[in-house]
Amino acid sequence: WLALREAARDLSTDDAVRVVVVTGARGRAFSAAADIKNFPEHRSSMTLARTYAAAFEGSMDAIEEMPKPVIAMINGICVGGGCELATAADLRIASESSTFGIPIAKIGVLAGYAEARRLVRLVGPGNAKHLLLTAKIIDAREALRMGLVSEVVPDNRLADETYELASRMVHFAPMSQSGHKRIMRTVLDDPSLQNLTP
């Protein structure tokens, strides 16, 4: 999570980078998130748990706050913290065989407030509760129906479709892209727009 946060910060300040694509290594999964076998090492005390949470939340925030568009290219398994990572991206393109869920109720782990906020903003409170309380794993079509992903494409077209979109987007004005991201954050954080300053 710390390496991901640093990568996001580096890419944010690299003017040569216009669009960021986040995907899983080796093509079999986007992310199955944390290895629960490592929880005793990283989450066995309040101090360790806070340190772990700060690293995890910091990486999500760094992805979400990037001034350039971030596309999650989702191939295969996208669960737990991996699914939460996808919600931090601006766009989520999934292969047809991808699966999604946040089954942390099975292991007695809670979603953080920021992760829950991102999820609720994408899928609404009803669907968010359904994912968190049932620990259900859903397919790509159901993820599209509830708004968890932006688009579903055939497995063999995932990379082509994602990079074709990114290639079109790199020609858009960077200030417009970052401005739209900033406006969207403002609208979501202050729907009444009462706190706007001239």
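1. The buried residues of helix α1 pack against α3, where contact means heavy atoms within 4.5 Å. They are Arg5, Ala8 and Ser12, in a helix spanning residues 2-12; buried means under 20% relative accessible area and exposed over 50%, with a 1.4 Å probe and protein chains only. Seen down the axis of α1, these residues fall within an arc of 65°, so they line one face of the helix. The arc is taken from the directions from the helix axis to the C-beta atoms. Ala3 and Asp10 are exposed on the face of α1 turned away from the buried side.

2. This is a predicted model, in which local features need pLDDT of at least 70 and side-chain atom pairs count only at pLDDT 80 or more, while totals for chains, interfaces and linings use all residues. Residues are numbered from 1 along each chain as its sequence is written, and side-chain values use heavy atoms, without hydrogens and water.

3. The largest nonpolar core has 36 residues, of which Phe30, Ile74, Phe100 and Leu148 touch the most other members. Such a core is a set of buried Ala, Val, Leu, Ile, Met, Phe, Trp, Tyr and Cys residues joined through side-chain atoms within 4.5 Å. Helix α3 gives the largest share of this core, 5 residues. A second, separate core of 9 residues includes Val19, Met73, Ile93 and Val153.

4. Leaving aside neighbours within four places in sequence, the contacts of Phe100 include Ile74, Cys78, Val79, Ala94 and Leu148.

5. In the contact of α4 with α5, Glu84, Thr87 and Ala88 of α4 meet Glu115, Arg118, Leu119 and Leu122 of α5.

Methods:
Helix = DSSP H or I, 4+ residues; strand = E, 2+ residues; numbered from the N terminus.
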